[in-house]
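Hello,

Here is the model I promised to pass on. Have a look at it, and then read my notes below.

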Amino acid sequence: MRLHNLHFSSKLALSGFLITMLFGCLSAATLIGLVYSSNETGFNLPSIEKMSAKYSEAQLVGSMKTSMYEYVADDDDILIVEDWIKKGAMDDEQFQQDVMTILKQDCQSCHSRTSTKSKAINSIPFSRYDDVSKFTQAGYSWQSMAKTAHIHLFGISLLLIATSLTFSCSTYNPYIKITLISTSWISLWLDIASWWLAKYSTFFVYMIVSAGTIEVASIVTMSGLALINIWWKIPDFCK
């Protein structure tokens, strides 16, 4: 089966899927740039410092520096919480007077058992020491990482198998197809593996950025080339 020989309705169906993949990759890249930068709009390059905070620093501090940064009243609040955690994250005077004051001001409007806000996270309250201490360990917990990783692997693999199988039916040079298909899968595995290892070394934070970029680029390239091959003849030098 070759893409350009498909029935018109099949071409429409595959084109819809491939265009959706292109927009999905663009949206994913935009989201990552916004989460791991200090900007609230536009397309941004992720900050290695913010990514490192997410994967290697205490979960509470990492969230305050990244996804929850917009709710932090002052950057000094992050430093105070970070200092408390470095000192052992004890239920001491610093926690009661400084940390709880910050959490009440910056977090408890949503992170509360009784919050009625539309963005309320009642399941993760920050009302007591026992609530907060769960999020003072470095990086993701094993449970959180396993949950996130398996969802990502299963979800992306379904999209990737559909994209790579579609691209494999194109009339491009076999070496082009083999290179892009294998690159997309290998970069996915490296990306997820680096999630687990980033808490131990900043090197793997760079690996996350590199592998993730290559993964998205390969998916975009396969989708774009397949879309072209569905409707137009490809140049002879690509065959």
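**What I found**

Helix α1 passes helix α7 in a left-handed crossing (left-handed if the near helix is turned anticlockwise from the far one by less than a right angle, right-handed if clockwise). Before going on, a word on the basis: this is a predicted model, in which local features need pLDDT of at least 70 and side-chain atom pairs count only at pLDDT 80 or more, while totals for chains, interfaces and linings use all residues. Residues are numbered from 1 along each chain as its sequence is written, and side-chain values use heavy atoms, with hydrogens and water left out. Helices here are DSSP runs (H or I, at least four residues), numbered from the N terminus.

**α1 and α7**

α1 covers residues 8-35 and α7 residues 142-168; they pack at an angle of about 125°, with their axes 11 Å apart. That angle makes α1 oblique to α7. The axes are lines fitted to C-alpha atoms over the stretch in contact, and angles run from 0 to 180 degrees between N-to-C directions. Angles under 35 degrees count as roughly parallel, over 145 as roughly antiparallel, 65 to 115 as roughly perpendicular and the rest as oblique.

From α1, the contact (heavy atoms within 4.5 Å) uses Leu14, Phe17, Leu18 and Met21, and from α7 it uses Leu159, Ala162, Thr163 and Thr166. By type, the residues of this contact of α1 with α7 are six nonpolar, two polar and no charged. In that scheme Ala, Val, Leu, Ile, Met, Phe, Trp, Tyr, Cys and Pro are nonpolar, Asp, Glu, Lys and Arg are charged, and the others, Gly among them, are polar.

Leucine 12 counts as partly exposed because its relative accessibility is 48%; buried means under 20% relative accessible area, exposed over 50%, and partly exposed in between (1.4 Å probe, protein chains only). Leucine 12 and serine 144 are 132 residues apart in sequence, and their C-alpha atoms are 39 Å apart in space.

**α2 and α9**

The axes of α2 and α9 come within 10 Å and cross at roughly 110°. That makes α2 roughly perpendicular to α9, and α2 passes α9 in a right-handed crossing. Ile48, Met51, Ser52 and Tyr55 of α2 meet Val205, Tyr206, Ile208 and Val209 of α9. The residues of the contact of α2 with α9 divide into seven nonpolar, one polar and no charged.

Threonine 202 sits in the loop between α8 and α9. With a relative accessible area of 40%, threonine 202 is partly exposed. Threonine 202 is 153 residues from glutamate 49 in sequence, yet their C-alpha atoms are 9.3 Å apart in space.

**The cores**

Which residues touch the most other members of the largest nonpolar core? They are Tyr55 and Trp195, in a core of 30 residues. A nonpolar core is a set of buried Ala, Val, Leu, Ile, Met, Phe, Trp, Tyr and Cys residues joined through side-chain atoms within 4.5 Å. At least two residues of this core come from each of α1, α2 (48-56), α7, α8 (174-197) and α9 (203-231), and α9 gives the largest share, seven residues. Leaving out residues up to four places away in sequence, tryptophan 195 touches Tyr55, Met145, Thr148, Ala149, His152 and Ile208. There is also a second, separate core of 18 residues, with Ala58, Met64, Ile78 and Trp84 among them.

Leucine 188 is found in α8 and is buried, with a relative accessible area of 1%. Leucine 188 touches His152, Leu153, Ile156, Leu160 and Glu215, again not counting residues up to four places away in sequence.

**α4 and α5**

Helix α4 (residues 75-86) and helix α5 (residues 93-106) have axes that come within 10 Å and cross at roughly 140°; the two are therefore oblique to each other. α4 passes α5 in a left-handed crossing. Asp77, Ile80, Val81, Asp83 and Trp84 of α4 make the contact with Gln94, Phe95, Asp98, Val99, Ile102 and Asp106 of α5. The residues of the contact of α4 with α5 comprise six nonpolar, one polar and four charged.

Alanine 89 lies in the loop between α4 and α5. Its phi is near 50°, a positive value in a residue other than glycine, and at 8% relative accessibility alanine 89 counts as buried.

Best wishes
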